[in-house]
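Student: Could you show me how to read salt bridges and helix packing in a model like this one?
Tutor: Gladly, let's look together.

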Amino acid sequence: MALRKRVLLSFIGCSLLIFYILCVKREKLLTTQPPQYSLEESRTRFSIKAPSVELQQPTLAAKTTEPSIIGDSYMSEDTPPQTHCPDGIRSRITKTEFGKQFMENIPVLQWAKHATPEQHQRLSQFSGAHGWRDIDYKMLVGALSVLNSSANWQIFDDWRDRSNKSECIRCAVVGNGGILKDSKKGEEIDSHHYVFRANGVVTEGFEQDVGSRTTHYTFAAKTLMLAFRDYKGLGYQGPPLSQETRYIFIPDFDLSYLMVKAAATHTLVESGDEQGKDPTKFFGQDVSAEKLKVFHPDFLRYIRNRFLLSKNMRDKDVRYYRPSTGAEMLLAAMHTCDKVSAYGFITPDHNRYSRYYFDREYRPVGFPPKHDFMMEMNLWQQLHQAGLIQLYMREQVQVDQR
């Protein structure tokens with residue numbers, strides 16, 4: 001009897017000891033922090049690589065508070081440059097603070113060869129202009145299949161014809177800022193090889209200040225539809241029309257892909273909110289597939305992540321944040337032109353000027369939540385001081401280094 005009692009007590013004691021050990025281990029698991037990786041290490045460990053796609057990993061260090069939505073891995077293409085400018089942006093940027101974040105081989109434009117199941121699977125992680133999450137694969141293939149020539153992956157498809165033996169591509173990137181009013185910069189702007197404009201372009205009557213040429217017009221299809229309402233009474237007649245004008249879509253909705261296909265084939269938009277619309281009414285009767293270009297989602301995500309990673313990215317509406325159309329246009333020029341002059345962009349003394357140069361009366365600059373104009377303003381100052389762009393300013397000001 002005594003032996004049985006000792007065995008029973010021993011069993012109870014062992015059970016209590018095991019229970020105590022399990023409790024302590026569980027408490028330790030709950031309180032122990034997981035391994036801490038830098039953002040650089042996390043991207044390397046968890047980046048997604050689709051088959052046959054070369055993804056370039058980031059080299060720019062960033063704060064670990066950035067959200068995982070960033071997706072800082074991109075396709076890389078070995079595309080030969082159109083020029084060999086001895087003192088162009090590509091040769092100078094590596095010597096500046098922006099050298100580490102600059103990707104020379106990222107595709108700026110998307111075209112027919114990018115519409116593969118592997119690429120669609122990879123880019124379906126990201127929404128809006130930064131991926132293909134909401135883009136049906138069959139519709140994507142149908143749209144990009146019309147962009148099947150070298151003109152669709154080259155920003156400057158006519159450079160050979162207009163270079164005039166120049167070693168460097170000189171670009172003027174023109175925003176709509178009120179700083180251009182009475183600037184008398186029109187002739188200077190038009191003297192560049194290429195002239196970029198965006199959104200509500202109004203040049204008629206303002207040629208002396210802003211010039212008259214437009215070689216590249218940048219826009220989002222949805223914004224284009226709204227421009228006729230937003231710029232009503234300000235002289236906006238629609239996108240610029242000329243033989244030299246190319247149209248660069250920011251593909252933030254399926255409408256962009258539907259409109260590209262319709263414009264290239266001279267048919268009506270086949271589905272969606274703008275079903276039945278005739279693109280030739282916007283881009284002219286002579287619009288062709290060679291005049292149409294579409295920014296690559298990787299490129300738009302890259303310039304957001306590497307150059308304009310706003311604090312707005314941490315808000316609940318992070319998926320809706322993107323740099324402004326003007327910012328995307330200017331950074332695209334910086335990745336394709338050799339020399340860039342920027343006019344009509346926000347500067348620290350922006351309160352002195354109306355929102356647009358074509359305003360009939362003063363209106364302060366607006367700050368919509370889906371963009372971060374203050375961050376963009378500081379970036380333009382930094383790029384100007386680094387000698388990567390020439391920014392038109394009325395006053396020289398001290399840049400906010402942040």
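This is a predicted model: local features need pLDDT of at least 70, side-chain atom pairs count only at pLDDT 80 or more; totals for chains, interfaces and linings use all residues.

Student: Are arginine 352 and aspartate 349 buried or exposed, or in between?

Tutor: Aspartate 349 is buried, because its relative accessible area of 9% falls under the 20% cut-off. Arginine 352 has a value of 49% and is partly exposed.

Student: How many salt bridges does the rule give?

Tutor: The count is 19. Some share partners, and in this way Asp158, Arg162, Arg213 and Glu244 are joined into one network.

Student: Which residue does arginine 246 pair with, and where do the two sit?

Tutor: Arginine 246 bridges to aspartate 157, with 2.8 Å between the closest N and O atoms. This pair links distant parts of the chain, 89 residues apart. Arginine 246 belongs to strand E7 (residues 246-250), while aspartate 157 lies in the loop between helix H5 (137-144) and helix H6 (159-162). As for accessibility, arginine 246 is buried at 11%, whereas aspartate 157 is partly exposed at 24%.

Student: And what about lysine 185 and glutamate 188?

Tutor: Their side chains also meet in a salt bridge, 3.2 Å from N to O. Lysine 185 is partly exposed, with a relative accessibility of 21%, and glutamate 188 is partly exposed too, at 35%.

Student: Now the helices, please. At what angle do H9 and H10 pack?

Tutor: Helix H9 (residues 221-230) packs with helix H10 (residues 254-265) at about 85 degrees, and their axes are 7 Å apart. H9 is therefore roughly perpendicular to H10, since angles from 65 to 115 degrees fall in that class.

Student: Which residues meet there, and of what classes are they?

Tutor: From H9 come Ala221, Lys222, Leu224 and Met225, which meet Leu255, Ser256 and Met259 of H10. Sorted by class, this contact has five nonpolar residues, one polar and one charged.

Technical notes. Residues are numbered from 1 along each chain as its sequence is written. Side-chain values use heavy atoms; hydrogens and water are left out. A salt bridge is a side-chain nitrogen of Lys or Arg within 4 Å of a carboxyl oxygen of Asp or Glu. Helices (H or I, at least four residues) and strands (E, at least two) are DSSP runs, numbered from the N terminus. Buried means under 20% relative accessible area, exposed over 50%, partly exposed in between (1.4 Å probe, protein chains only). Axes are lines fitted to C-alpha atoms, for helices over the stretch in contact, and angles run from 0 to 180 degrees between N-to-C directions. Angles under 35 degrees count as roughly parallel, over 145 as roughly antiparallel, 65 to 115 as roughly perpendicular and the rest as oblique. Contact means heavy atoms within 4.5 Å. Ala, Val, Leu, Ile, Met, Phe, Trp, Tyr, Cys and Pro count as nonpolar, Asp, Glu, Lys and Arg as charged, and the others, Gly among them, as polar.
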